[in-house]
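Trainee: I would like to go through the charged residues of this entry with you. Could we have the structure on screen first?

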Amino acid sequence: MADWLSTEAVLPPDETPVLIVISGTIKVGELRWESPTHEETFKAFRYWDDPDNDGQIWEWMDVTH
């Protein structure tokens, strides 16, 4: 089995399910982009989500590997 990679070192391609460590628990997650269009002051941002349950957004800093 390969070693776990820190999210500070490398990130997987967007919308690709991968194993992640969040708050010490292993889960399946994927990176996504949110691009708000309703106001020019909002900027696009990346977030982690559960690919099987759209809407389960995890805090960016909680996913460590």
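Trainee: Is Glu30 buried or exposed?
Mentor: Glu30 is buried, since its relative accessible area is 5%. Buried means under 20% relative accessible area, exposed means over 50%, and partly exposed lies in between (1.4 Å probe, protein chains only). Please keep in mind that this is a predicted model: local features need pLDDT of at least 70, side-chain atom pairs count only at pLDDT 80 or more, and totals for chains, interfaces and linings use all residues. Residues are numbered from 1 along each chain as its sequence is written, and side-chain values use heavy atoms, with hydrogens and water left out.

Trainee: With which residue does Glu30 form a salt bridge?
Mentor: The partner is Arg32, and the closest N and O atoms are 2.6 Å apart. A salt bridge here is a side-chain nitrogen of Lys or Arg within 4 Å of a carboxyl oxygen of Asp or Glu. Arg32 is buried too, with a relative accessible area of 13%.

Trainee: Which side chain meets that of Asp49 in a salt bridge?
Mentor: That of Arg32, with an N to O distance of 2.7 Å. The pair links distant parts of the chain, as Asp49 is in strand 3 and Arg32 in strand 2 (residues 25-34), 17 residues apart. Strands (E, at least two residues) and helices (H or I, at least four) are DSSP runs, numbered from the N terminus. Through shared partners, salt bridges join Glu30, Arg32 and Asp49 into one network.

Trainee: And what is the relative accessible area of Asp49?
Mentor: The value is 0%, so Asp49 is buried. Strand 3, where Asp49 is found, covers residues 45-49.

Trainee: How many salt bridges does the structure hold?
Mentor: The structure holds three. One of them is formed by the side chains of Asp14 and Arg46, at 2.4 Å from N to O. Because Asp14 lies in the segment before strand 1 and Arg46 in strand 3, this pair ties together parts that are 32 residues apart in sequence.

Trainee: What about the accessibility of Asp14?
Mentor: Asp14 is partly exposed, at a relative accessible area of 33%. Arg46 is also partly exposed, at 26%.

Trainee: Changing topic, where does Glu8 lie?
Mentor: Glu8 belongs to the segment before strand 1 (18-22). With 78% relative accessibility, Glu8 counts as exposed. Glu8 and Met61 are separated by 53 residues in sequence and by 10.0 Å in space, C-alpha to C-alpha.
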